[in-house]
Amino acid sequence: MASADLLLHPVRLRVVQALLGDRTLTTGDLHAELPDVPVATLYRHVGVLAEGGLLEVVGERRVRGSTERTYRLVTAAASVGPEEAAGMTPEQHRRAFGTFVAALLADFDRWVDAGAAVPGGLDAARDGVGYRMTGLWLDDDEFAALVADLRQVLGDRLANGPDGERRRRLLGTVFLPG
């Protein structure tokens, strides 16, 4: 199954997002992060992702007579590459983008709901939440340089791991011609 086909399911995309940031999680950990997903459904989709090579088992231990596996995202496999994207139909691109936007909205809703449940409520500045759209005038070479610069800036930080003070943050990017 192609990466796009694996990722274009809302539950599987949420599992992948939960593992972003080089996290290792058990299915129990995943269920704690995705409590609205029934356990059987979660196990089924984790299995599909593992079978498809998007997740790898990095540990196993016996728990009450069964085996608990710890998974890590295979980052290179969990994205749609240029060749696969080039072979997608317009409808597949619409579906992929719609799934991406729906997942982004769901993450935003979870942040809003969590903020509404605590004293002091939502604080976008405190939480580092922002969203905006900017128009840039760039020729193809300037755009390529911008993408390379962003990759460098983000790449320098991708190796950061949790240390007690860092918070995992999700960054979504969309580039569209104007």
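Reply: One definition to begin: a polar contact is a pair of N or O atoms within 3.5 Å; within protein, one must be able to donate a hydrogen and the other to accept it, and residues adjacent in sequence count only if both atoms are side-chain atoms. This is a predicted model, where local features need pLDDT of at least 70, side-chain atom pairs count only at pLDDT 80 or more, and totals for chains, interfaces and linings use all residues. Residues are numbered from 1 along each chain as its sequence is written, and side-chain values use heavy atoms, leaving out hydrogens and water.

Me: What makes the side chains of threonine 27 and tyrosine 43 a polar contact?

Reply: Their distance is 3.0 Å. The limit is 3.5 Å, so the pair counts.

Me: Why is threonine 27 called buried?

Reply: Its relative accessible area is 7%. Buried means under 20%, exposed over 50%, partly exposed in between (1.4 Å probe, protein chains only). Therefore threonine 27 is buried.

Me: Which residues does threonine 27 touch, not counting those up to four places away in sequence?

Reply: Leu42, Tyr43, Val46, Arg69 and Tyr71. Contact means heavy atoms within 4.5 Å.

Me: How do you know that S2 and S3 pair?

Reply: Strands pair if DSSP finds at least two bridges between them. Eight bridges join S2 (residues 55–63) to S3 (residues 66–73), so they pair. The two strands run antiparallel, and leucine 55 stands opposite leucine 73.

Me: What is the mean pLDDT of the protein chain?

Reply: It is 89, and 99% of the residues reach 70 or more. pLDDT is the predictor's confidence in each residue, from 0 to 100.

How values were computed: Helices (H or I, at least four residues) and strands (E, at least two) are DSSP runs, numbered from the N terminus.
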